[in-house]
Amino acid sequence: MNGSSMWEAVSGIIRRDLLLAMRRRSDAAMSVFFLVIVVSLFPLGVGPDPVVLRTIGPGVLWVAALLACLLSLSRVFTADYVDGALEQMVLVPQPLAVLVVGKVLAHWLISGLPVVLLSPLLGLQFGLSGESLGVLVMSLLLGTPTLSMIGAIGAALVLGVRGSGLLVALLVLPLYVPVLIFGAGAVTSSMAGIGGEANLSLLGACLVLSLFLAPWATAAALRIALE
Amino acid sequence: MLQAVSLRCSRGERRLFTDLNVKVERGSLLAVVGENGSGKTSLLRIFSSLLSPEQGSVLWEGQDILQLKELYAGQLTYIGHLNGIKDDLTPLENLMSAMSLAGESCSNNGAKEALEAIGLKRPIHQLPSKVLSQGQKRRVALARLWLSTRPLWLLDEPFTSLDTAATAVVTQRLHTHLQRAGLAVVVTHQEVALPTEIVQRLRLTG
């Protein structure tokens, strides 16, 4: 049980999950598609007033990104749970928490990163300036991995439960609120000209905290689900 | 040596077994038999450390497996009644990713040979697993046994949906494993066609 075999197991998991996502592109495209639709409908519904759009822009983008993440959570562990791959994961001679990090990282690469990359384009629809767009991307880059990390705990807790989609939303939404406030706050304050650094630092702190705690909590939840 | 010391297990309200003691020496096989719902799979899951017993403990070479944790996981190959096969991956990809996850990476050729050993011909290696039959999927899962170097094998109904030829091949593989001082716990409702002196039977009454 040394560092290299641990890395081998984690990279093996990431590679497998990315390969699976390549084979099932429609699943991976769903959260991006959802984000684009929600964000594009707002200007149509609210009207083309640039002042209004600029005011609601950061909040709308962040809420949409958060919901897109929530939507994809059920895919993190369910398939592995159903086909027995999760049992094999638990019986690997590596700490389960380390493998969980691999799973969540793969999940973020598939459903979080596209959201981050697409966000500047969507921000333009709301008339965000160049600097604010930069802050938006930064905030999502720090925030979406946190959402995936926290979401993994919820996804693991509701494994094998009926109606798990609704339950996972109830479980993780309260924990998502700080990330949403700091994320949208970063963009809003950069638009107001006071810079988004303070909020971005808080987002960074959230990310570090979730990276540190969420894998252990998720691993414990997975073990309970398999008993 | 694998040893169960006064194990007790209940699922829900039902008591499956109490004060179960059994010892499996190197080079021998424990065949767990019993009716449906008598706790065979639960016992295997306790042996694998997936399930913790209500009471008692499982010892591997004299040490409690719950304390050995990852060290114990490095000693065993567990194949449950679920195959752990991804429908969207080919048998070859499934086998190789399962092995690399278990920390026993194998070469492309090694994996192909293992699949052939269990009777899956080369053209099948490249098909998505969702088009395979149940028996073929089971074979993909069991192909891991040809690559495993672990001393302890825990198999849950390995012969389910296998044809007679494949059953014979797997039994032969089990025999080789035991001859190399390996040990195995097999949950099965079929007779394991191995010499009786190396097979120990445990009947659970439920």
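Trainee: At what angle do the axes of helix H1 and helix H6 of chain A cross?

Mentor: Bear in mind that this is a predicted model: local features need pLDDT of at least 70, side-chain atom pairs count only at pLDDT 80 or more, and totals for chains, interfaces and linings use all residues. Residues are numbered from 1 along each chain as its sequence is written, with chains lettered from A and ligands numbered from 1 in the order in which they are written. Helices (H or I, at least four residues) and strands (E, at least two) are DSSP runs, numbered from the N terminus. The axes (lines fitted to C-alpha atoms over the stretch in contact, with angles from 0 to 180 degrees between N-to-C directions) of H1 (residues 3–23) and H6 (residues 96–124) come within 9 Å and cross at roughly 30 degrees.

Trainee: Is H1(A) roughly parallel or antiparallel to H6(A)?

Mentor: Angles under 35 degrees count as roughly parallel, over 145 as roughly antiparallel, 65 to 115 as roughly perpendicular and the rest as oblique. With the crossing at roughly 30 degrees, H1(A) is therefore roughly parallel.

Trainee: Which residue of strand E7 of chain B stands opposite B:Ala184?

Mentor: E7(B), residues 152–156, pairs with E8(B) in the parallel sense over five bridges, where pairing needs at least two DSSP bridges. Opposite B:Ala184 stands B:Trp153.
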